[in-house]
Amino acid sequence: MPEPRTFRDEPVSFVRRSGRMSEGQERAFAELSPLYLLDVPRDVAFTSVHPEARLDPASAYKRTAPLIVEIGSGQGHAIISAASARPDVDFLAVEVFRAGLARTMLDADAAGIRNLRLVEANAPEVLSTYLPEASASEVWIFFSDPWHKKRHVKRRLIRPGFPATAARALEDGGMLRLATDWEDYALQMREVLDEAPEFERAFEGEWAERFDGRVMTAFERKGIAKGREIRDLTYRRVPRA
């Protein structure tokens, strides 16, 4: 019998930090996780998803509604704003950093938001197996790590192979929305997605207009203050054959 795997087959797009959470964040994680955080069976790593694990959206949200997924939700500012503004839509925040998850749960609870769930897991595994096929109406990826050093480019989330993973989770006609403040990464994103048979451009010209559903965050302001241009891309999932 072969030995069980103890490592992932593909590099991940993050480095898991070991920074400590504040007492308030620790308390929020303990008290609010039962309401907001999905309990995901693991595979070979702490942030992995067991290949047989499946999300049942109707059970998780106690209703049937359109589902929007944000990859790398950070502190949760964008998805909390969206979930508050659109109570008729369900939202799923995918994040690996516990401090960000705790902050998101604290702010969501303070705002009385109940159409939001969080998952602490590696995004490609969430998209490729955990979400039911064609279950998401939109997938958002805002300011994912650009991994700007040449030797680290292979860690970028948006690379060859990723479009098929995202397309599996998206319904026909569903939208993939991206934004970055790193020009080289923006060019790579556009090249990879332009070549993907599962997607077509949902914008004209060189770049998409800024998505008005994305709230301005401190991270985006910081990029602008440093003189970096924010570039948006929007792609539509083509109908399945």
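Two strands are taken to pair if DSSP finds at least two bridges between them. Helices (H or I, at least four residues) and strands (E, at least two) are DSSP runs, numbered from the N terminus. The model is predicted: local features need pLDDT of at least 70, side-chain atom pairs count only at pLDDT 80 or more, and totals for chains, interfaces and linings use all residues. Residues are numbered from 1 along each chain as its sequence is written, and side-chain values use heavy atoms, with hydrogens and water left out.

Seven strands form an open sheet of order 3-2-1-4-5-7-6, with mixed pairing. Strand 3 and strand 6 (199-201) are the edge strands, each pairing on one side only. From one strand to the next, the twist averages 20 degrees. Strand 4 and strand 5 (residues 170-180) run parallel and share six bridges. Glu 138 stands opposite Met 175 of strand 5.

Helix 6 (residues 162-169) packs on the sheet. Helix 6 touches strand 4, strand 5, strand 6 and strand 7 (231-237), contact meaning heavy atoms within 4.5 Å. The directions of helix 6 and strand 5 make about 130 degrees. Axes are lines fitted to C-alpha atoms, for helices over the stretch in contact, and angles run from 0 to 180 degrees between N-to-C directions.

In helix 3 (residues 77-85), the buried residues are Ala 78, Ile 79, Ile 80, Ala 82 and Ala 83. Buried means under 20% relative accessible area, exposed over 50%, partly exposed in between (1.4 Å probe, protein chains only). These residues pack against strand 1 (67-71), strand 2 (90-95), helix 4 (98-110), strand 3 (116-120) and strand 4 (136-142).

Ser 48 lies in the loop between helix 1 (23-36) and helix 2 (57-61). Ser 48 is buried, at 0% relative accessible area.
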